[in-house]
Amino acid sequence: MTAKAIPFVEVLDDKFLINQEAVDFIESLPQPVAVIACAGGYRTGKSLFLNRGLLQLSNGKGFAVGNSTNACTKGLWIHTSLLKLARASKDGSDEKEYVNVLFIDTEGLGAFDANDTHDAKIFALALLLCSYFIYNSVGKIDEDSIGKLSLVCNVCKQIRASAEEK
């Protein structure tokens, strides 16, 4: 399979839909898998950061990026390029275990065609799906950003608590 970006959670008519191609890819991954999700403001370079910084992919081979005011990423996307990281063995032996790292790129928050509810859903989905979360911003993280992070973290705690009760 040629490495590519695949829509994972698509947004159509304000409905969030899971893409079967992405599900099939994720189910085919050897275990264990860690997930890194990157979220942040609209047009702040999340896709470029993932492409060049973490996936180390050249132009055109990673998540879509553009130079217009139109968003390139809608919903949540995954990339079929994985990072394989060594970690210490759980049994304490010197033998290394390997973890496959999957990356999720998210739609930017605060886009012209989205509202706060939509942004909160994107943010919460990213947080709930990932092992590690990257909040990407330009410049300093301001009070508004911290407020949004806090709100979504509290929503995620409630969702997890509700799921554990069932």
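Here is a short briefing on the fold of this protein chain and on one of its strands, E3. The model is predicted, so local features need pLDDT of at least 70 and side-chain atom pairs count only at pLDDT 80 or more, while totals for chains, interfaces and linings use all residues. Residues are numbered from 1 along each chain as its sequence is written, and side-chain values use heavy atoms, with hydrogens and water left out.

**Overall make-up**

- The protein chain holds four helices and seven strands; these are DSSP runs, with helices being H or I of at least four residues and strands E of at least two, numbered from the N terminus.
- Along the sequence, their order is β-β-α-β-α-β-β-β-α-β-α.

**Burial, surface and contacts**

- Of the 166 residues in the protein chain, 35% are buried, meaning under 20% relative accessible area with a 1.4 Å probe, protein chains only.
- The accessible surface (Shrake-Rupley method, 1.4 Å probe) is about 10,100 Å², and carbon and sulfur atoms contribute 53% of that.
- Among contacts (heavy atoms within 4.5 Å) with a separation of 6 or more, 65% link residues 24 or more positions apart.

**Strand E3 and its partners**

- Let's turn to E3, residues 33-40, where seven of the eight residues are buried.
- E3 pairs with strand E6 (residues 96-106) in the parallel sense over six bridges; two strands pair if DSSP finds at least two bridges between them.
- Within that pairing, Val 33 has Asn 100 of E6 as its bridge partner.
- E3 also runs parallel to strand E7 (residues 132-136), joined by five bridges.
- Here Ala 37 has Phe 133 of E7 as its bridge partner.

Technical notes: Buried means under 20% relative accessible area, exposed over 50%, partly exposed in between (1.4 Å probe, protein chains only).
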